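Here is a short briefing to read with the structure open beside you. Take it one topic at a time, and look up the residues as they come up.

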Amino acid sequence: MKRNKALSLVLAGAMALGLLAGCGGSGNSQTPGSSAGDKVVKIGVYEPSTGDSGAGGKQEMLGMQYANKETPTVEIGGESYQVELVYADNGSSTDKAVSAASKLVDEGVSLVLGSYGSGVSIAAGPTFGDAGLAAIGVTCTNPNVTAGNDYYFRICFLDPFQGTVLANFAQEKFDAKTAYLLGELGNEYDQGLISYFEQAFTAGGGKVIKDSFPTNNSDFSSYLNKAKSENADVIFCPVSIAYSTQIVKQAASLNIAAPILGSDTLDSNMVLEAAAGSSVQIYCSTFYQEGGSPEFDEGIKAWINSDATAKTNNGGNDTIAAVTAMGYDAYYVALEAIKTAGSTDPAAIKAALPGVTYTGVSGAIAFDEVGDAVRDTAYIKVADNANSAWMLEKEQQAG
């Protein structure tokens, strides 16, 4: 086993969102709109609002912010506490991860949510652990986030599962015999998923061709042409939104016929925009599909459309990203941990987390002995390029 506000006014939600346009953090010890005598519990939001993963981080935060607007208080020991979200932008960079994590420790948060991006989560783990502060990963899927860290938990499935799901899908859907695998050099998330995909794909009798591109690369034509010349049946590129949009646009211009498979990072309306009107085929595995919770879908769409900043942070429309649903669920898991602990003390909350269960919009959430979520299903989505929408292809298990 592991060792263990914002007010409900729209104005408060807008104030919280407005922080993302700046440094991504709130240094105030008092919840906006509260009086000095109000009881407050702080939840740290450790997410990227800048850098390659900034778009995904903002969408993940939207779920937390909507949940905070919906439920701005929590009962602790029979008393009502305002819940304040305290932001720290990790800049999508392991170089900035420790300072962002340290900021949240210094702010006196009771626990942390995040991050979008496994590398920054892994980098911040020791800082949270040394401070005795529990963190709940939302969509950071690399196994090393929780491995050896008693203070990191998560509510998403893991990359060994996701990589296997996608490899199985490639062989079942397309009868794929050859897969071209492409990721960013040195990126733990990309390379980890590529490794798990390769293991499952080759175990099923397939052959893989692998390449890695340098950080800040913008020309993917040589890689895509190689996949074409090698007669790859599928292209697997589990990369960030910033890279995937470029890859999709260039694949369309090169008339790449092989389907592009991606992981949860491709589940973005920005990827849909990149593919709009083209013939490129895109499939991704992810955590949630619109329609899974009609009440949640209706509520958050209304909120996004009522707030210009929220809509901008969602990429300019009201398409619900799976990471937004996961951010929403993570907030409520945090509230359950606080209520179970009956305290704002980080140690008490950390001790309570292993026994927390919650049924959210993304499904039932419980933790195993490592602190990982018990998940057995991924949603495979396909891009509808004519309507710029994700359609559910199927629910897929690893086995």
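A polar contact is a pair of N or O atoms within 3.5 Å, where one atom must be able to donate a hydrogen and the other to accept it. Such a pairing turns up at the start of α3, where a side-chain oxygen of Ser-93 comes to within 3.0 Å of the backbone nitrogen of Asp-95. Please keep in mind that this is a predicted model.

**The chain as a whole**

- The chain holds 13 helices and 15 strands.
- Of its 399 residues, 58% are buried.
- Its accessible surface is about 14100 Å², and carbon and sulfur atoms account for 48% of that.

- Helix α3 covers residues 94-106, and at 1.5 Å a residue its 13 residues should span 18 Å; the end C-alpha atoms lie 19 Å apart, which agrees.
- The buried residues of α3 include Ala-97, Ala-100, Ala-101 and Leu-104.
- These residues cover an arc of only 100° around the axis, so they sit on the same side of α3.
- On the face turned away from that buried side you will find the exposed residues Asp-95 and Asp-106.
- Among the elements covering the buried residues of α3 are the strands β1 (40-47), β3 (79-89) and β4 (111-113), together with helix α4 (118-130).
- Gly-108 follows α3 and has a positive phi, near 75°.

**Helix α2**

- Helix α2 takes in residues 54-70, and its 17 residues should span 24 Å at 1.5 Å a residue; its end C-alpha atoms are 24 Å apart, which agrees.
- This helix is mostly covered, with 13 of its 17 residues buried.

**The nonpolar cores**

- As general background, nonpolar side chains tend to be buried together in soluble globular proteins.
- The largest nonpolar core here has 72 residues, and the members that touch the most others are Ile-43, Ile-155, Phe-197, Phe-296 and Tyr-331.
- Helix α12 (residues 322-341) gives the most to this core, contributing 12 residues.
- Another core, of 29 residues, lies apart from it, and its members include Phe-213, Ile-235, Cys-237 and Val-271.
- Setting aside neighbours within four places in sequence, Ile-155 is in contact with residues including Ile-136, Val-138, Met-326, Asp-329, Val-333, Phe-367 and Arg-375.

**Two buried loop residues**

- Ala-134 is in the loop between α4 and β5 (135-137), and it is buried, with a relative accessible area of 0%.
- Not counting residues up to four places away in sequence, Ala-134 touches Leu-111, Val-112, Tyr-151, Phe-153, Lys-350 and Leu-353.
- The C-alpha atoms of Ala-134 and Pro-346 are separated by 6.9 Å, although these residues are 212 residues apart along the chain.
- Ser-362 is in the loop between β12 (358-360) and β13 (363-365).
- With a relative accessible area of 8%, Ser-362 falls under the 20% cut-off and is therefore buried.
- The side chain of Ser-362 makes a polar contact of 2.5 Å with the side chain of Asp-329.
- Beyond residues up to four places away in sequence, Ser-362 touches Phe-287, Tyr-288, Met-326, Asp-329 and Arg-375.

**Backbone spots to look at**

- The peptide bond from Gly-114 to Ser-115 is cis, with omega near 15°.
- Ser-115 belongs to the loop between β4 and α4.
- Ser-92 is not a glycine, yet its phi is positive at about 60°.
- Ser-92 lies in the loop between β3 and α3 and is partly exposed, with a relative accessible area of 24%.
- Ser-388, also not a glycine, has a positive phi of about 50°.
- Ser-388 sits in the loop between β14 (378-384) and β15 (389-396), where it is partly exposed at a relative accessible area of 30%.

Conventions
Residues numbered from 1 in each chain as written. Predicted model: local features only at pLDDT ≥ 70, side-chain atom pairs only at ≥ 80, totals over all residues. Heavy atoms only, no water. Helix = DSSP H or I, 4+ residues; strand = E, 2+ residues; numbered from the N terminus. Expected span 1.5 Å × (residues − 1). Buried < 20%, exposed > 50% of the residue type's maximum accessible area, 1.4 Å probe, protein only. Arc of directions from axis to C-beta. Contact = heavy atoms within 4.5 Å. Core = buried A, V, L, I, M, F, W, Y, C linked by side-chain atoms within 4.5 Å. Areas by Shrake-Rupley, 256 points an atom, 1.4 Å probe, with all protein chains shown as cover.
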